[in-house]
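Take them one at a time, and try each task before you read its solution.

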Amino acid sequence: MKEMWKNWNAEMQFEGKLCASVPSKKELVSTWLDARKPSVQPAGGKTIQELTEEVTARLPDMDKENEELQEKVTLVFEQFEGRLCVRSANIRQHLKDCASQIGNQFLGREKGQRNFTTKIKNGLYLDGNVRDDFGTWLTYILKDGKQVTEPDGYIEKPIRVRTLQGERSALKKFAYILRPKFVFTLKILGDSIKRDDLETLFTYGAVHGFGGERSLQEGQ
């Protein structure tokens with residue numbers, strides 16, 4: 001049988017800040033996930049309840065570290081066995097999103113060729129560094145060749161929020177890591193995706209950005 005999958009080692013090196021985007025308060029995780037779910041749940045996909053259980057299990061225990069910090073911090077990084085990480089599926093979703101933008105706005109559809117978005121969606125998967133107790137692939141956040149255990153700091157910014165009493169001012173606070181890196185394995189379906197395709201994908205993704213605060217050009 002012809003070899004189905006080819007493995008490519010890949011890295012994502014961030015030039016500035018990688019900003020957290022996961023709510024630190026467990027009661028908000030379900031709402032956060034629900035707002036990001038696809039319009040149609042994929043076959044065999046996990047429910048919001050199952051995903052909520054997974055994510056909350058990987059939230060840092062803010063109660064034990066600093067009760068005052070917990071009251072202020074709104075967005076944090078997930079962690080596994082004391083090391084900060086991202087779900088590998090989130091990296092793949094980032095690549096699929098980039099492919100969609102490239103296919104629609106840059107390449108378009110050429111006669112006789114499969115749509116770029118379809119190639120990436122169906123021919124590119126991703127393995128992380130470790131599987132957690134839920135069977136979820138995780139990718140560790142690296143910096144200076146070491147696995148990160150603490151963010152570099154926190155940023156506060158004023159925002160406007162809608163309440164039952166109308167718009168009000170509030171402070172949004174989020175963790176960040178300066179110039180980190182992801183290392184993972186891409187699984188390519190046969191010869192369906194070429195090196196040029198990957199270069200196009202990652203070149204766009206480097207500007208599009210990953211994680212929180214992309215509107216401020218973070219996560220590039």
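Glu218 is buried, with a relative accessible area of 18%, where buried means under 20% relative accessible area, exposed over 50% and partly exposed in between (1.4 Å probe, protein chains only). Before you start: this is a predicted model, in which local features need pLDDT of at least 70 and side-chain atom pairs count only at pLDDT 80 or more, while totals for chains, interfaces and linings use all residues. Residues are numbered from 1 along each chain as its sequence is written, and side-chain values use heavy atoms, with hydrogens and water left out.

**Exercise 1.** Find the salt-bridge partner of Glu218 and say what the pair ties together.

*Solution.* Begin with the rule: a salt bridge is a side-chain nitrogen of Lys or Arg within 4 Å of a carboxyl oxygen of Asp or Glu. Glu218 meets Lys17 in this way, at 4.0 Å from N to O. Lys17 belongs to strand β2 (residues 17-19) and Glu218 to the segment after α7 (195-208), so the bridge joins parts that are 201 residues apart in sequence. Lys17 is partly exposed, at 24%. Finally, look around Glu218: leaving aside neighbours within four places in sequence, its contacts (heavy atoms within 4.5 Å) include Cys19 and Phe210.

**Exercise 2.** Work out which residues of α7 are buried and where they lie on the helix.

*Solution.* The buried residues of α7 are Asp197, Leu198, Leu201 and Gly205. Down the helix axis they fall within an arc of 95 degrees, so they line one face of α7; the arc is that of the directions from the axis to the C-beta atoms. An α-helix has 3.6 residues a turn, so residues three or four places apart point the same way. The buried residues of α7 pack against β1, α5 (88-107), α6 (116-123), β7 (124-127) and β14. On the face turned away sit the exposed residues Arg195, Asp196, Thr203 and Val207.

Terms used:
Helix = DSSP H or I, 4+ residues; strand = E, 2+ residues; numbered from the N terminus.
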